[in-house]
Structure formats: C-alpha cells, structure tokens
Amino acid sequence: MKKIVCLGIIGTLFYGYTQLTDSKKRYIKELVRQMPYLVPRYFV
Amino acid sequence: MADYDVIVIGGGNGGVSAGALLAKQGRKVLLLEQSSAIGGCCSTFEKDGYKFDVGASIVEVIKPIEMAFAKLGTTFQQEVDLIECDPVMSIIDRDGSRITLPKSIDATAQIISSISPDDGRRWYQYVELMREFTDVALEAFFPVAADTLADMAKMFAKHPTFLKFLPLFAKSYQDVMEYYFKDERIRKAMGYQSLYFGHPPALIPGMFALIPYTEHRGVYYPRGGMIQIPEAFRRCGEKLGMQVRFNARVKKVKVRNRRVEGVVLSDGTEITAKVVVSNINAKTLYLDLIGAEHLPALVKTGIRSYQYSKGVPMIYVGLDYTPPLDSHHSLIAVTPQGVNDYWFNHVEKGILPENNFGLICWPTHADKSLAPAGHHVLNLIPEGFYRLSGTTWDAEKPRFIERTLKALDRFAIPGLMEHIKVIECTSPLDFERRLLLPEGSIYALQQDLTAAAVFRPNARSRAIKGLYLTGSSTHPGGGVPTTIASGLIASNLIAQHEQ
C-alpha cells in the first residue's frame with residue numbers, strides 16, 4: 001500500500017512538472033541546482 | 001591603540017555612505033579608495049568637455065537614500081539637485097515604432113489601453129499589487145539587516161503584511177509579467193528590466209517585477225552627473241571628520257584569531273583599526289584579502305559557491321546634435337522570452353548577438369551642463385558579458401562598438417553616426433581592470449533567490465569579528481538605493497555591536 005501511495009505522489013509531481021511552462025521549469029531547475037549551497041551560504 | 005576606529009575599503013555608494021554615517025556616530029573613520037575618484041560604478045568622468053556616467057544612469061526608489069541623509073542631519077534634496085525625469089521610459093522597436101511611458105499611472109494606462117484594452121485594465125491590478133509590495137519592502141526589507149533567520153523572523157513579525165507577498169518569491173519575474181500582460185508589444189516594454197538585477201526573467205524571483213512599476217514613483221537624475229550622490233556622502237562625511245585617501249589599494253585585511261586588526265596597502269603601509277567595512281566584492285574580500293586559511297570550512301564552501309553577477313559593456317558618445325529620442329531612458333524593445341533566449345543562447349555560450357538590445361541613457365535631456373552648448377551626451381548600455389568564446393574583449397571592442405552604433409543609427413537614433421564627436425567604451429574587462437570588479441560583475445554576485453537576504457554574504461561577518469560588508473555583495477544587493485541601504489544597515493549594526 002505504501003509503495004502505491006509513494007508511486008502516486010511521484011507520478012502526480014511528475015505530471016505537475018510536465019504541465020509547467022518552460023519559464024517555470026527553468027526557474028525551478030535553477031533553484032534545485034543551487035539548493036546544496038544554501039546551508040554554506042547561510043554562514044558566510 | 002588602533003590608528004582608526006573604522007577603515008572602509010572602497011568608495012562606492014555603500015562604502016562612502018557607511019563611512020559618513022559612522023563618522024556621524026563620532027567614530028574616527030578612514031575611507032580607502034583604490035582609484036582617483038569616489039563612487040565606483042556610480043561615478044562620472046569628463047572627456048573633451050563631455051561628462052559621462054561610468055555605469056549607474058538614474059536613481060529611483062529613493063527612500064533608503066533619504067533615510068541615510070536624514071541620519072546625517074540633512075536631506076537628499078538639499079545635498080543633491082535632483083531633476084525628475086518624465087517621461088520615465090521610451091521603448092523603441094526594430095521597425096522604428098515607439099511607446100513612450102510618462103510618470104503618471106493613469107496616462108500610462110491610457111497608452112497601454114490604446115494598444116491592448118485588457119492589458120490596460122490589468123496594468124491597474126499590477127500597479128496595485130506592486131505599490132503595496134514596494135511600500136512594505138521599503139519599510140521591512142531593504143533598510144534592515146537580513147543576516148540570520150532570526151532577522152527574517154523579526155522582519156515578518158514587525159511587518160506581517162510582508163507574508164502576503166511570499167508567493168512573489170516562488171514565481172519568476174516572467175511568470176508575473178506574463179500573468180498581467182498578454183500583448184506582445186506591452187511585454188516588450190517589460191522584459192529588459194529583469195537585467196537591472198543581473199538575471200533573465202525566467203531565473204529571477206517575481207518580487208523583482210516591481211521595477212517597471214517603481215519607475216512610475218519617480219526617476220531622478222542628479223544635476224552634474226551620477227557622481228553627485230557619492231560626492232554628497234563624502235562631503236557630509238568629511239565635515240564630520242571622515243578622512244578619504246585616494247589611490248590607496250588594499251592588499252590584505254589583517255586578521256588574528258578571527259578578528260580584524262586593520263589593513264595592509266599595496267605599497268606595504270599598515271593601518272590598524274578595530275572595525276573594517278568592506279565595500280568590495282565579497283569573494284575578493286574573503287578569498288584574496290583575508291585568505292581562505294582564516295575561514296571555517298563551511299564559509300569557504302559558501303563563498304566559493306557564488307557566481308559573479310553579469311558584466312556589461314558601456315559605450316559613451318558625445319554628439320554635436322540633439323538625438324531624436326523621447327526620454328532620458330530608452331529601451332530597445334525585447335520580450336521577457338527574448339531576454340531568456342539571449343541569456344541561454346548567447347551569455348551561456350559566450351557568443352555576442354548580432355541583433356542586440358539594451359538601454360540608451362540620454363543625461364543631457366535632463367542636464368544640459370554635461371556637454372558644450374548645443375551638444376549632447378549618450379551613455380549606451382548594449383547587452384554584453386565578460387566571457388567571450390574564441391575572442392577577447394580587447395580584440396572584439398572596435399567591432400562591437402561599430403555594430404552597436406550602426407544598428408542604433410538604423411532604427412533607433414537616426415543621424416547618430418554622422419554626429420559623433422567623442423567616443424569611449426568600457427568593456428566588462430575594462431570594468432575589471434579599472435574598478436577591480438571581478439569579471440566586470442556590476443552587482444558583485446548573482447542576485448537570484450538562492451543568493452538573497454540570509455543567503456547573501458552577511459552585513460556583519462560571522463566568520464571574522466569586527467568585519468562588516470556593504471555594497472552589492474551583501475543584502476539588499478546591487479543598485480544605487482540598495483547599496484546605500486547596505487551602508488545604513490552596516491552603520492546600524494556597528495552602532496549596536498562595536499562600542
């Protein structure tokens with residue numbers, strides 16, 4: 001059951017992402033790309 | 001006993017405003033400027049009787065500047081003769097057609113409605129949202145320290161209405177603009193302004209979509225050139241005892257046990273101080289002037305992770321005729337998507353575009369004293385960037401100038417080529433050499449959401465005690481009012497933490 005729920009959430013997120021405009025996708029991609037730096041940047 | 005209470009490195013707006021405000025607190029302040037003029041990018045130079053602005057071309061959203069001068073016991077208007085620019089913007093398309101937008105919100109609505117009645121209606125909705133957001137941001141966000149999560153929590157607690165605008169941070173500039181404006185011709189008037197913050201509309205947070213609105217709150221030009229703003233702070237600071245030393249380049253910031261002790265100049269002179277305020281690029285400060293050996297591992301990773309902001313070329317021309325323009329600022333029309341295409345197909349690949357766009361600044365429209373009688377000055381900001389593929393700026397510059405001027409002559413400024421008397425160009429590489437901006441980065445570091453507020457280098461350094469940052473590298477980022485806001489923030493923090 002848990003697996004089905006997880007797959008459902010992932011599928012919904014994936015579907016939602018494919019429905020976004022190119023502009024929104026680029027914005028989200030760039031945010032995700034920079035995410036690993038947020039913690040070190042907070043301490044600068 | 002230290003030589004000074006405070007040493008300020010760099011005489012840009014952030015440094016000179018912080019220096020003056022700290023002198024007002026009764027501190028013994030020394031400001032060190034590597035060049036022979038104050039102001040950095042917000043400066044003015046003269047050639048053959050024409051005065052050109054180095055970079056910054058107007059000032060708007062002036063509240064933080066007014067707050068800084070008020071703290072100095074004077075007013076912005078008393079210290080600088082501000083000329084209001086109205087119309088605020090003219091947009092020139094490649095077919096020669098123009099849209100000229102006046103300061104008045106209603107008159108602008110009429111112009112937009114004449115092109116697209118729906119967009120004209122939505123203009124009012126956009127203005128309403130941005131008016132409220134700008135009012136709150138000017139109180140809650142711009143002149144306030146944003147170093148820690150606690151600072152942010154205080155900010156939201158004091159101004160809960162600010163929370164209402166959080167969705168603007170989750171959207172891009174382009175999302176906001178395309179939501180309100182559907183007509184291609186209107187979008188062409190709203191696309192370029194995202195580059196004022198150094199990023200294309202797809203990559204910059206929606207909060208920055210306030211700029212096409214804030215222009216209608218008032219755009220000003222200081223009589224005598226943009227240098228009048230930092231000069232006014234210098235004048236105020238010197239009256240209060242601040243010392244300014246030109247041609248004094250700082251080679252090292254002396255640090256012991258993670259506390260500043262002073263600076264070493266490039267000629268070997270050592271000057272001690274309890275507090276150092278840095279108005280230079282934060283990467284240069286931490287990695288070159290202080291040295292990675294003095295930094296905790298997390299800070300080293302963080303500071304190295306920032307990308308430099310965009311650089312721009314500037315072309316300055318002195319003319320013996322009145323250029324056929326309508327406004328102090330004219331834009332070559334480009335849609336938000338057009339700016340994205342330029343970014344992803346040209347900036348990221350290092351290929352200068354054949355059909356360029358950019359900003360035309362006509363300061364003698366406001367202030368005739370900048371050129372000989374009957375003559376005019378244009379400061380052109382065609383788009384460009386530091387890293388070129390397969391060539392260098394020194395090699396490319398003559399071709400770039402010719403291509404830009406010929407294109408402008410063809411559809412935007414007829415007669416331009418025949419009337420040029422003086423010409424100068426500063427490439428991003430020249431900005432690096434002359435103003436020590438790494439990669440010509442006019443806004444120091446990237447200005448997206450992941451390098452904003454608590455994620456931008458702190459105004460009060462947590463790694464090095466007694467070290468404070470001003471200028472584009474720290475919150476609230478690059479721009480004339482924002483860097484002056486950083487001077488205000490640093491001086492407030494020093495008053496609070498350095499007795």
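This is a predicted model: local features need pLDDT of at least 70, side-chain atom pairs count only at pLDDT 80 or more; totals for chains, interfaces and linings use all residues.
Local features need pLDDT of at least 70 and side-chain atom pairs count only at pLDDT 80 or more, while totals for chains, interfaces and linings use all residues. Residues are numbered from 1 along each chain as its sequence is written, with chains lettered from A and ligands numbered from 1 in the order in which they are written.

Helix 11 of chain B (residues 228-239) has twelve residues and reaches 16 Å from first C-alpha to last; helices are DSSP runs of H or I, at least four residues, strands are runs of E, at least two, and both are numbered from the N terminus. That span is close to the expected 16 Å, taken as 1.5 Å times one less than the number of residues. Nine of its twelve residues are buried, so helix 11 of chain B is largely enclosed by the rest of the structure. Buried here means 20 or more other C-beta atoms within 10 Å of the residue's own, with C-beta atoms placed from the backbone. Among the buried ones are Ile229(B), Phe233(B) and Cys236(B). Their packing partners include strand 5, strand 9 and helix 17 (480-497) of chain B, contact being C-beta atoms, placed from the backbone, within 7 Å.

Val59(B) sits opposite Tyr220(B) of strand 9.

As for the chains, 14 residues from chain A meet 20 residues from chain B. Helix 2 of chain A gives the most to chain A's side, with seven residues.

Key. Two strands pair if DSSP finds at least two bridges between them. Two residues are in contact if their C-beta atoms, placed from the backbone, lie within 7 Å.
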